[in-house]
Amino acid sequence: MECTRPRLLLVEDDRALTGLLADLLTEEGYDVDVAADGHRGLHHALTRDYQVMVVDRGLPALDGLELVARLRGRGVACPVLLLTARGSVADRVDGLDAGAEDYLVKPFEVAELLARLRALRRRHPETAGWLPVGRRRLDVANRRVVEGTTEFPLSAREFAVLHALAGRPSKVFTRAELLSAAFDRADAPGTVDACVHHLRRKLGRDVVRTVHGLGYRLGGQ
């Protein structure tokens with residue numbers, strides 16, 4: 001279900017800037033969580049649902065580019081805006097290639113930051129809490145698939161796999177990527193195949209498409 005106030009994660013190690021941005025973003029209507037380094041930001045992003053993230057590139061513990069790349073590898077589709085003091089074309093390309101949707105160079109105008117965040121949310125309506133799954137929808141908050149008035153409850157693992165696939169519907173996920181996103185490290189890759197089998201039995205064979213020799217992607221695309 002869509003929250004009244006969108007949740008935003010701010011990952012920034014400059015305390016003064018963090019305090020200023022947190023206050024401004026709260027006034028803008030966001031529920032703001034903050035993290036002062038990349039590891040804390042990664043933990044927040046993997047354990048909570050956000051509508052958008054603002055990530056500084058030069059973070060301690062884990063660089064902002066690596067943070068974004070890890071999130072994309074784990075199937076986290078939340079749009080990310082990177083903040084950085086580096087403004088060269090190569091730096092911007094690196095940020096976008098890592099998986100960020102937008103890039104803002106410091107110093108910046110707050111009005112531009114807020115406008116870019118609004119644009120990101122318009123381009124990514126799936127972060128409101130629903131993801132399309134063919135003719136159905138994945139209810140992220142309640143871990144279920146909905147089609148009209150019919151509901152299909154999902155196990156924790158079924159949800160994790162389908163959430164990863166639906167979050168990036170054009171991406172082909174390897175078994176290793178889905179294993180990392182949805183299972184414990186001790187699980188064997190065959191666990192992914194078993195989970196896909198259960199999803200197909202519950203939702204139909206077309207819900208997950210097999211890309212031979214590569215892995216799986218969301219079906220019906």
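In the largest nonpolar core, which has 29 residues, Leu138, Leu154, Leu162, Leu165, Leu199 and Leu203 touch the most other members. A nonpolar core is a set of buried Ala, Val, Leu, Ile, Met, Phe, Trp, Tyr and Cys residues joined through side-chain atoms within 4.5 Å. Buried means under 20% relative accessible area, exposed over 50%, and partly exposed in between (1.4 Å probe, protein chains only). The model is predicted: local features need pLDDT of at least 70 and side-chain atom pairs pLDDT 80 or more, while totals for chains, interfaces and linings use all residues. Residues are numbered from 1 along each chain as its sequence is written, and side-chain values use heavy atoms, without hydrogens and water.

Helix 6 (156-167) is among the elements that give two or more residues to this core. Helix 6 gives the most, seven residues. Helices (H or I, at least four residues) and strands (E, at least two) are DSSP runs, numbered from the N terminus. Apart from this core lies another, of 21 residues, including Val55 and Leu59.

In helix 4 (residues 89-98), the buried residues are Asp91, Gly95 and Ala98. Seen down the helix axis, they fall within an arc of 70°, so they line one face. The arc is that of the directions from the helix axis to the C-beta atoms. Val89 and Asp97, on the other side of helix 4, are exposed. Glycine 99 follows helix 4 and has a positive phi, near 125°.

Asparagine 142 lies in the loop between strand 7 (136-139) and strand 8 (144-147). Asparagine 142 is partly exposed, at 41% relative accessible area.
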